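Trainee: I am new to this structure and would like a close look at a single part. Please pick a stretch and walk me through it slowly.

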Amino acid sequence: ALSMHLGPCTNILPADRDYKPFVSIHLPVRSEPVDVVSKTLDALARLSYPTYEVIVVDNNTDDPSLWMPIKERCEQLRFQFDHVNPHPGYKAGALNLALAKTSVDAHLVAVVDADYTLNSNFLEDNVAAFRDPRVGFLQTSQRNQNVCANRITRAFNPIYDFFYDITMLARSQRNSIIFAGCAGL
């Protein structure tokens, strides 16, 4: 299988945009601020894609004031929500649970972090790559939302730029990219 990284210079053929398999989006959450996860959930609800599900797994959050509002928001959005405590395996454990709960109709799985908001066209732009049966997984670029928040975030953003826009594109040419754990299919 091929691995792909879609960076800023990638072009998907318009004919491939007709390919619309069912996608299961997995969102692991653990002790995240409610407003942060709510922004992520709202972004998922705004995806311009016809057939997808969202499975949110909150693992090992002890404080109900953190996970109960997320459960309520998921119910409003008709997303699946599971709170498990205790649950082994950290993020991987949550993703394994989500995988076990994935619809049998799903042809693709997307992973999104609890503090990451996808563009509304994320699935539209990226699912088409899987029309090529050689594509095994795809990693998209990521950008910080708080790039100008302080000296650390300003200094770190060029590292992301280098990793996603240069390193991953070069690795894609050699079929050797890695899955970064977020914003991938």
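Mentor: Start at Ser 31, in the loop between β2 (23-29) and α1. Those labels follow DSSP runs numbered from the N terminus, where a helix is H or I with at least four residues and a strand is E with at least two. Ser 31 is not a glycine, but its phi is positive, about 55°. Its relative accessible area is 34%, so Ser 31 is partly exposed, meaning that it falls between buried (under 20%) and exposed (over 50%), with a 1.4 Å probe and protein chains only.

A word on the source: this is a predicted model, in which local features need pLDDT of at least 70 and side-chain atom pairs count only at pLDDT 80 or more, while totals for chains, interfaces and linings use all residues. Residues are numbered from 1 along each chain as its sequence is written, and side-chain values use heavy atoms, leaving out hydrogens and water.

Now move into helix α1, where you will find Thr 40. With 1% relative accessibility, Thr 40 counts as buried. A polar atom of its side chain lies 2.6 Å from the backbone oxygen of Ala 114. That is a polar contact, a pair of N or O atoms within 3.5 Å; within protein, one must be able to donate a hydrogen and the other to accept it, and residues adjacent in sequence count only if both atoms are side-chain atoms. Beyond its neighbours within four places in sequence, Thr 40 is in contact with residues including Leu 27, Val 112, Asp 113 and Tyr 116, where contact means heavy atoms within 4.5 Å.

From here, follow α1 (34-45) across to α2, whose buried residues pack against α1, β3 (52-59) and β4 (80-84). These buried residues of α2 are Trp 67, Ile 70, Cys 74 and Leu 77. Looking down the axis of α2, they fall within an arc of 85°, so they line one face of the helix; the arc is taken from the directions from the helix axis to the C-beta atoms. Turned away from that buried side, another face carries the exposed residues Glu 75 and Gln 76.

After α2 comes Arg 78, with a positive phi near 65°. Continue past β4 and you reach Pro 86, in the loop between β4 and α3 (90-100). Here the peptide bond from Asn 85 to Pro 86 is cis, with omega near 5°.
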